[in-house]
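Work through the exercises below with the structure open beside you. Try each task before reading its solution.

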Amino acid sequence: MGEEKVKEEAMQIVGMFQVLPRLVVFDLDYTLWPFYCECRSKREVPSMYPHAKGILHALKDKGIDVAVASRSPTLDIANTFLHKLSIDSIFVAKEIFSSWTHKTDHFQRIHSRTAVPFNSMLFFDDEDRNIQSVSKMGVTSILVGKGVNLGALRQGLTKFSQNWSTSEKNKQKWQTKFSKKSNSSEGNDPE
């Protein structure tokens with residue numbers, strides 16, 4: 001399936017959802033491309049997973065910002081590859097640095113830079129430990145097996161939508177409970 005066809009399908013998938021993330025964050029190694037940056041040379045011509053580029057362009061065309069969170073120790077190689085693939089300008093934030101925090105520092109920086117709340121973000125990564133730690137921050141996180149693809153995109157948007165409606169219901173319950181308490185205390189005034 002060519003990049004344009006993938007983009008078209010990705011746009012249809014995005015169009016099926018009423019609630020969308022404000023920001024979609026991608027890992028690089030084994031999520032957008034099938035290798036570790038630190039095992040490559042800047043002189044090489046990188047390749048991406050077959051659906052990755054079409055998905056990035058579809059999100060951008062639908063007005064959804066995209067960012068990178070990578071624990072790569074080779075920022076220079078990662079940036080060179082993003083440039084060679086002509087996708088570096090798509091990202092509103094690129095946090096690429098080595099870390100022991102399973103990407104929580106990356107997401108703090110992305111949040112500071114974009115002001116997007118964690119519960120308005122969707123994240124794709126190939127490592128379960130990153131998925132676990134970032135999920136605890138309130139980010140909808142999807143584990144990918146062999147790179148991001150249309151199935152993972154659909155799964156991510158479905159889970160994001162479910163998480164969003166659950167948090168909205170909880171917010172409404174809390175607001176209803178809170179307003180009942182404040183109303184009932186007003187009615188107890190002696191006349």
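**Exercise 1. Describe the surroundings of F26 in this predicted model.**

Solution. 
- Step 1: list the contacts. Neighbours within four places in sequence are left aside; F26 then touches L32, I55, L56, L59, V66, A67, V68, A69, F123, F124 and V148.
- Step 2: F26 belongs to strand β1.
- Step 3: The relative accessibility of F26 is 0%, so F26 counts as buried. The cut-off for buried is under 20%.
- Step 4: compare sequence and space. F26 and F123 lie 97 residues apart in the sequence. From C-alpha to C-alpha they are 5.9 Å apart.
- Step 5: find the bridge partners. In β2, F26 is partnered by V68. In β4, the partner of F26 is F124.

**Exercise 2. Work out which way the side chains of β1 point, and whether they are buried or exposed.**

Solution. 
- Step 1: recall the rule. Side chains in a regular strand alternate between the two faces of the sheet.
- Step 2: apply it to β1, residues 23-26. L23 and V25 point one way. V24 and F26 point the other way.
- Step 3: check burial. L23, V24, V25 and F26 are all buried.

**Exercise 3. Find the order of the strands in the sheet.**

Solution. 
- Step 1: start from β1 and go to β2, residues 65-70. Four bridges join these two strands, and they run parallel.
- Step 2: go from β1 to β4, residues 121-125. This pair is also parallel, with four bridges. Here V25 has F123 as its bridge partner in β4.
- Step 3: go on from β4 to β5. Four bridges link them, again in the parallel sense. F123 stands opposite S141 of β5.
- Step 4: write the order. The five strands form an open sheet, β3-β2-β1-β4-β5, with parallel pairing.
- Step 5: name the edges. They are β3 (91-96) and β5 (140-143), each of which pairs on one side only.
- Step 6: From one strand to the next, the twist averages 15°.

**Exercise 4. Trace two β-α-β units and give their handedness.**

Solution. 
- Step 1: follow the chain from β1 through helix α2, residues 52-61, to β2. This β-α-β unit is right-handed.
- Step 2: follow the chain from β4 through α5 to β5. This crossover is right-handed as well.
- Step 3: locate α5, residues 128-135. The helix lies across β4 and β5. Its direction is at about 170° to β5.

**Exercise 5. Decide how well β4 is covered.**

Solution. 
- Step 1: count. Five of the five residues of β4 are buried, so far as the cut-off of under 20% goes.
- Step 2: M121, F123 and D125 are on one side. L122 and F124 are on the other.
- Step 3: conclude. Both faces of β4 are covered.

**Exercise 6. Find the buried face of helix α4 and what covers it.**

Solution. 
- Step 1: pick out the buried residues. In α4, residues 104-114, these include H106, F107 and I110.
- Step 2: look down the helix axis. The buried residues fall within an arc of 95°, so they line one face of α4.
- Step 3: list the cover. It includes β1, β2, β3, β4 and α5.
- Step 4: look just past the helix. A115 follows α4, and its phi is positive, near 65°.

**Exercise 7. Count the disulfides, then compare C37 with C39.**

Solution. 
- Step 1: set the limit. The two cysteine sulfur atoms must be within 2.5 Å.
- Step 2: count. The total is zero disulfides.
- Step 3: C37 has a relative accessible area of 0% and is buried. C39 has 59% and is exposed.

Note on methods:
Residues are numbered from 1 along each chain as its sequence is written. This is a predicted model: local features need pLDDT of at least 70, side-chain atom pairs count only at pLDDT 80 or more; totals for chains, interfaces and linings use all residues. Side-chain values use heavy atoms; hydrogens and water are left out. Buried means under 20% relative accessible area, exposed over 50%, partly exposed in between (1.4 Å probe, protein chains only). Two strands pair if DSSP finds at least two bridges between them. A crossover is right-handed if, with the strands pointing away from the viewer, the path from the first strand over the helix to the second runs clockwise. Axes are lines fitted to C-alpha atoms, for helices over the stretch in contact, and angles run from 0 to 180 degrees between N-to-C directions. Contact means heavy atoms within 4.5 Å. The arc is that of the directions from the helix axis to the C-beta atoms.
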